[in-house]
Amino acid sequence: MRSYSLRVGTQALVWTVVLAALIDVVAASNGMTLSKQPRETLAIPRWLYLATGGATIGASALLASFVTDRAFIYALHSWSVRLPGVPTIRRWAARFGRLLALTTLGFIVYVGYTGPQLPAASLTVLVTFVGVRGGLPVIAYLIGNPWSAINPWRALTTFLPIRFIEYPDSFARWPAVVGVLALVWAEVIFPVSTVPRVLATAILGYSLYTVTGAIVFGSDAWFEHADPLAVLFRFYGAVAPIQVRDGSFEVSLPGNDLADSDIVTDESDVAFIIALVWELTYSGFITTTAGAQTITTVVESPLGEVLPTVPVAVLAYTILFVTGYVVFLAAYWYAGTAARRLTNTYVTGRSIAIRFAPPLLAIAAGYHLAHYAGLVVSLSPALTMAAVSPLTPPANPLVLAPPGWFTGLSIGFVLVGHLLAIWEAHASAYDLFPSRLVAIRSQYPFILVMIGYTIISLWILSLPGATPPYLG
């Protein structure tokens, strides 16, 4: 007991020193958003900034490796409290939530066409980006997944004939992967966040797509495997402390489910999670001077002299988006192969990569919270005003400026996401491998990948901000 207390005390002390040393570096990482405001110049050399950011991940992994007691790890992840079941209340709450969501969906499409066309005063834009894009994922990974209770498209399919074709097992969740990448690409290329009519049209197009899919393949299969929003919220919900099991709510420690082997089942799930990680990196890069210069160089090349400017710009953005995603995904898959070679285990590289994928959701959640918390707080008054008077909102709605201490919260969000991911990867390794040494060594390639992701993201954050060119 004395040695255990000494080990815990040592880890706490080291954590305090590490966090105190890195707080200024991580503070810069809360700026990786779609914001076009200029970023502050680094007060330290860039190489030191990047090296220290990468060292954060390495130090986290080193400290996690001190915990080698399987009984302690298992006890920590098996702890939970089951709340009393109230099926009647849950059933009626779900019905009310879906009815409200379905009504809201129809209304924001209507307001998008007939209401004000100023994005900051449009209920359509504010509900979509402040509510669905920013707020609901926060609820999903901090509390529990709300989407299953308020999914308007699933509610709509209850009134339609469904399941004419059995959903093919070979499809897995690849339709959801393509769907989420397409949504991110469309958000960048098209003025969906600035022109309410364009956004309303996009919502109608998405509605037609997902409802048709649910009718053809069945509602349960479609929203479990193919609908990108449903899969996104399900993955983010895996981070939350509240889960629904056997019809009842169960409270556990945040991220406990990330060490379970049934969160990610095949390659398509890994591809979807990497898409969530890559999305923020890509969005950050194209809003920097380096990103703008990259796109401008392509447009001003001989190719731009042959083809119109806009198609060439769209092609440049698309190639950059796809190439970066492939590199991120390939790097992660190679880590699985390297882990197998390093440990010389009977477990395949594919199985190792699939097993270590869920902890990445904690990183995605931490960055999402750091990026969108400020947006949700700033535009909440505008959303309220638009909701009260959707057709005639104020021309200059109230927008809050978060106080200076809000930056400190963002630092905490990023740090907690990384630390939780490291711990859950450590727990996954001990669940997968019987040998303690093999469990620790298997994490090395994935730690290097996480360090690479972090350094790339921090490099992007160190660059001056710029408006993405040719998208106006």
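In this predicted model, helix α11 (residues 228–237) and helix α12 (residues 267–285) have axes that come within 11 Å and cross at roughly 85°. Anything from 65 to 115 degrees counts as roughly perpendicular, so that is the label α11 and α12 get. On the α11 side, the contact is made by P228, V231, L232, F235 and Y236, while α12 brings D269, F272, I273 and L276. Sort those residues by type and you get 8 nonpolar, no polar and 1 charged.

Zoom out for a moment. The protein chain has 472 residues, and 49% of them count as buried. Its secondary structure comes to 20 helices and 3 strands. If you take the contacts between residues at least 6 apart in sequence, 81% join residues at least 24 apart. As for the accessible surface, the total is about 21,800 Å², with 70% of that belonging to carbon and sulfur atoms.

Is V125 buried or exposed? Its relative accessibility is 6%, and the cut-off for buried is under 20%, so V125 counts as buried. Set aside the neighbours within four places in sequence, and V125 is in contact with P119, V130, V192, S193, P196 and L199. There's also T194: V125 and T194 are 69 residues apart along the chain, yet their C-alpha atoms are separated by 7.6 Å.

Next, hop over to helix α8 (residues 174–189), where you'll find E187. E187 counts as buried because its relative accessibility is 16%. What does the E187 side chain pair up with? A polar contact of 3.1 Å joins it to the side chain of R133.

Last stop: backbone torsions. Most residues other than glycine have a negative phi. A172 is not a glycine, and still its phi is positive, at about 45°. A172 lies in the loop between α7 (152–157) and α8. N344 is another non-glycine residue with a positive phi, this time about 55°, and N344 is in the loop between α15 (309–343) and α16 (349–356).

How values were computed. Residues are numbered from 1 along each chain as its sequence is written. This is a predicted model: local features need pLDDT of at least 70, side-chain atom pairs count only at pLDDT 80 or more; totals for chains, interfaces and linings use all residues. Side-chain values use heavy atoms; hydrogens and water are left out. Helices (H or I, at least four residues) and strands (E, at least two) are DSSP runs, numbered from the N terminus. Buried means under 20% relative accessible area, exposed over 50%, partly exposed in between (1.4 Å probe, protein chains only). A polar contact is a pair of N or O atoms within 3.5 Å; within protein, one must be able to donate a hydrogen and the other to accept it, and residues adjacent in sequence count only if both atoms are side-chain atoms. Contact means heavy atoms within 4.5 Å. Accessible areas come from the Shrake-Rupley method with a 1.4 Å probe; for residues, only the protein chains shown count as cover. Axes are lines fitted to C-alpha atoms, for helices over the stretch in contact, and angles run from 0 to 180 degrees between N-to-C directions. Angles under 35 degrees count as roughly parallel, over 145 as roughly antiparallel, 65 to 115 as roughly perpendicular and the rest as oblique. Ala, Val, Leu, Ile, Met, Phe, Trp, Tyr, Cys and Pro count as nonpolar, Asp, Glu, Lys and Arg as charged, and the others, Gly among them, as polar.
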